[in-house]
Amino acid sequence: IAPWYNSLTKIGLNGIIVHDGLTDEFIAQYETDRIIFVKYSPGGYSIFEERWMAYYLILSNSPIKNLFITDANDVTINFNPFERHKNNRQLLVGRDLANRVGDSQWILDEMNTFIKESNYDVNPIILHQNLFNAGLIGGSTEIVLPIIIRIIKELVYNLVIDVIYY
């Protein structure tokens with residue numbers, strides 16, 4: 001998490017690291033007044049599904065007004081996104097270093113594995129589509145929280161979730 005942590009600290013932003021088992025010593029060494037650690041005990045879903053549930057639980061009872069959800073292991077924050085993106089009615093989604101699907105070898109490998117395993121016919125035009133990164137979304141909590149709820153509902157097969165927030 002060093003690039004994420006160091007860049008966040010340099011810019012002076014607040015951060016929450018959601019984890020499922022960091023040591024108390026590690027947390028004591030790196031927790032600050034701006035960066036906190038929240039332990040989340042996952043249930044029986046995949047880590048991909050569980051992360052959205054953790055975000056929901058944290059945000060549904062939080063005073064946080066604006067946020068960016070990022071991965072921690074491969075993200076560097078280059079600027080304060082809240083100064084650059086001031087439109088509270090806009091969902092912001094990150095981009096990979098590769099601009100298009102066809103420019104990312106990792107995505108191509110994953111797609112080819114999917115095609116082989118599913119026998120699904122993929123239109124080659126997808127190679128020219130913009131490549132967005134679901135590991136980086138942000139905006140106002142008012143915009144992001146309903147997206148998180150929708151993701152959970154889709155992943156967990158129409159799980160019923162209702163939120164009241166201001």
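**Figure 1. Contacts and overall layout of the chain.** Of the contacts in the chain (heavy atoms within 4.5 Å) with a separation of 6 or more, 61% are between residues 24 or more positions apart. The model is predicted: local features need pLDDT of at least 70, side-chain atom pairs count only at pLDDT 80 or more, and totals for chains, interfaces and linings use all residues. Residues are numbered from 1 along each chain as its sequence is written, and side-chain values use heavy atoms, with hydrogens and water left out. The secondary structure comprises six helices and five strands, where helices (H or I, at least four residues) and strands (E, at least two) are DSSP runs numbered from the N terminus. Starting at the N terminus, the order of elements is α-β-α-β-α-β-α-β-α-β-α. Along the principal axes, the C-alpha atoms fill a box of roughly 50 × 35 × 35 Å.

**Figure 2. Confidence along the chain.** The predictor's confidence in each residue is given as pLDDT, from 0 to 100. Its mean over the chain is 86, and 94% of the residues reach 70 or more. Helix α2 (residues 24-30) has the highest confidence, at 96, and strand β4 (residues 92-100) the lowest, at a mean of 82.

Figure 3. Among the 166 residues of the chain, 31% are buried; buried means under 20% relative accessible area, exposed over 50%, and partly exposed in between (1.4 Å probe, protein chains only). The chain exposes about 11,400 Å², of which carbon and sulfur atoms supply 53%. These areas come from the Shrake-Rupley method with a 1.4 Å probe, and for residues only the protein chains shown count as cover. The chain has 13 positive and 19 negative charges, with mean positions 9 Å apart. Lys and Arg count as positive and Asp and Glu as negative, while His and the chain ends are not counted; each charge is placed at NZ of Lys, CZ of Arg, CG of Asp or CD of Glu.

Figure 4. Helix α3 (residues 47-59) has 13 residues and should span 18 Å at 1.5 Å a residue, which agrees with the 18 Å between its end C-alpha atoms. The expected span is 1.5 Å times one less than the number of residues. Buried in α3 are E49, E50, W52, M53, A54, Y55, Y56 and L59. Their cover includes β1 (15-19), β3 (66-70), β5 and α6 (141-155). S46, in the loop between β2 (35-39) and α3, is partly exposed at a relative accessible area of 35%.

Figure 5. W4, Y5, S7 and L8 are buried in helix α1 (residues 2-11). The buried residues of α1 pack against β1, α2, β2 and β3. T76 belongs to the loop between β3 and α4 (81-84) and is partly exposed, with a relative accessible area of 45%. Leaving out residues up to four places away in sequence, T76 touches P3 and S7. The C-alpha atoms of T76 and N6, 70 residues apart along the chain, are separated by 8.2 Å.

**Figure 6. Backbone at N119.** N119 lies in the loop between α5 (105-118) and β5 (130-140). Its phi is near 60°, a positive value in a residue other than glycine. N119 is exposed, with a relative accessible area of 71%.
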